[in-house]
Amino acid sequence: MEPIGVGIIGTGNISDAYLKAAPGFSFLKVVACADINMEAARAKAAAHGIEALEVAALLADPRVGIVLNLTTPQHHVGVGLQAIAAGKHVYSEKPLAVELAEAMKLVDAAAKAGLRAGCAPDTFLGGSHQTARAALDSGLIGEVVAGSAAMMVPGHEIWHPNPDFYYQPGGGPMLDMGPYYLTCLVNMLGPVAAVTGSAKAAYATRTIGSGPRAGQVVEVKVPTHISGILDFANGAQITITTSFDVWKHGHNHIELYGRKGSMIVPDPNQFQGAVMASEHRGDWAEVEQAHLYGDGNYRILGLADMAQAIRTGRPHRASLELSLHVLEIMTSIIKAAETGLRIMLSHQCGRPEAMVPGLPKGQLD
Ligand SMILES: NC(=O)c1ccc[n+]([C@@H]2O[C@H](COP(=O)([O-])OP(=O)(O)OC[C@H]3O[C@@H](n4cnc5c(N)ncnc54)[C@H](O)[C@@H]3O)[C@@H](O)[C@H]2O)c1
């Protein structure tokens, strides 16, 4: 069967990871890329042996079945709506949108057009996080009572040559990194029912640390240290902190505390990492990994899963419902911080299907 053609819009920093991982899945093929900056698109196309097109030409290209939207967050919905209007399925980098009302436009348009829309992150489909979920489902640590999630770094301007978007409305550490932590938690524990929050910004400006703009100062327009308490529908209470204000810390990425024991879940921004568990107050021991995609960077797995789901008619795992729920959690934590209110969530989702163990690499069904 012919592979589904993928056209990339947005050929910046993250596009290399997708282009490198794509050949691992024979049922999809990246055919072209586009960017408002055609120089960037041409350079990426030349490096990866694909065609560079203007955005409109890529959207009109009959070879493109799925648009892979790798633009910056403020453009995710706009580009997504363009793709749907052109009759293409669309898979976007995270977050789904920067506001819930914007995301709903995409949800409605995809539903009306009968097209698929999916959204990163897809790291929760990797070997480590599927292992953690399977261990929880097997009752290894018992019912989860509480837990913590910590994503605290000094800020991406240290390494990203164009970090402006992280400090503009729609940026900040929660919308940027929260999707990894929250998607991972919802995959393991199911949906969140209600949130509270607190937020601040420690610095008024940031200085770009690398690239041609090194030394330029960026104004901070969003909170950069955001904490939330997540009350999950299953009763688990998890605290989450996302920060661009912390030089160094000693917390694990995610810890879960169950009635029978505890679990350390590795970085949800990676596919690999050891899952550790302890029984009662016993020593930590590594949980054996039975799932694939836990030994490298498979940042295209969610798109590959969506491509395969389009063929077979099953739901895809990195879904609109999941990313909409995660977006509502994040925007509600920020709203709770602004208002001092506890916010009940209105867009719920189920857990995505677990990955099927035992299949050969590159085959998802
Ligand atoms: N950089 C990373 O390590 C990383 C990791 C995971 C996810 N992401 C996510 O990927 C997305 C892109 O991040 P990045 O770091 O590659 O950003 P980037 O700024 O390096 O690249 C974004 C590209 O999109 C283009 N673009 C913006 N709006 C456009 C539009 N309307 N039409 C066509 N092209 C447009 C820009 O010209 C730019 O080339 C973000 O949502 C980010 O959160 C980034």
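Two strands pair if DSSP finds at least two bridges between them, the strands themselves being DSSP runs (E, at least two residues) numbered from the N terminus. The model is a predicted one, in which local features need pLDDT of at least 70 and side-chain atom pairs count only at pLDDT 80 or more, while totals for chains, interfaces and linings use all residues. Residues are numbered from 1 along each chain as its sequence is written, and side-chain values use heavy atoms, with hydrogens and water left out.

**Domains and their contact**

- The protein chain is divided into domain 1 (4-119) and domain 2 (124-290 + 327-344), with bounds that come from an automatic or database domain assignment.
- The C-alpha centres of domain 1 and domain 2 lie 26 Å apart, and the contact between them (heavy atoms within 4.5 Å) takes 11 residues from domain 1 and 16 residues from domain 2.
- About 1000 Å² is buried between domain 1 and domain 2, with carbon and sulfur atoms giving 66% of that area, where buried area is the accessible area (1.4 Å probe) that two parts lose on being put together, summed over both.
- On the side of domain 1, Q74, K94 and L100 lose the most area to domain 2, and together they account for 46% of what that side buries.

**Polar and charged links between the domains**

- One salt bridge is found across the interface of domain 1 and domain 2, the rule being a side-chain nitrogen of Lys or Arg within 4 Å of a carboxyl oxygen of Asp or Glu.
- The side chains of K94 and D176 meet in a salt bridge, with an N to O distance of 2.7 Å.
- The residues on the side of domain 1 that touches domain 2 divide into six nonpolar, three polar and two charged, where Ala, Val, Leu, Ile, Met, Phe, Trp, Tyr, Cys and Pro count as nonpolar, Asp, Glu, Lys and Arg as charged, and the others, Gly among them, as polar.

**Surroundings of K29**

- K29 has its place in strand β2 (residues 28-34), and its C-alpha atom is separated by 5.1 Å from that of G5, 24 residues away along the chain.
- Leaving aside its neighbours within four places in sequence, K29 is in contact with P3, I4, G5 and V6.

How values were computed: Helices (H or I, at least four residues) and strands (E, at least two) are DSSP runs, numbered from the N terminus.
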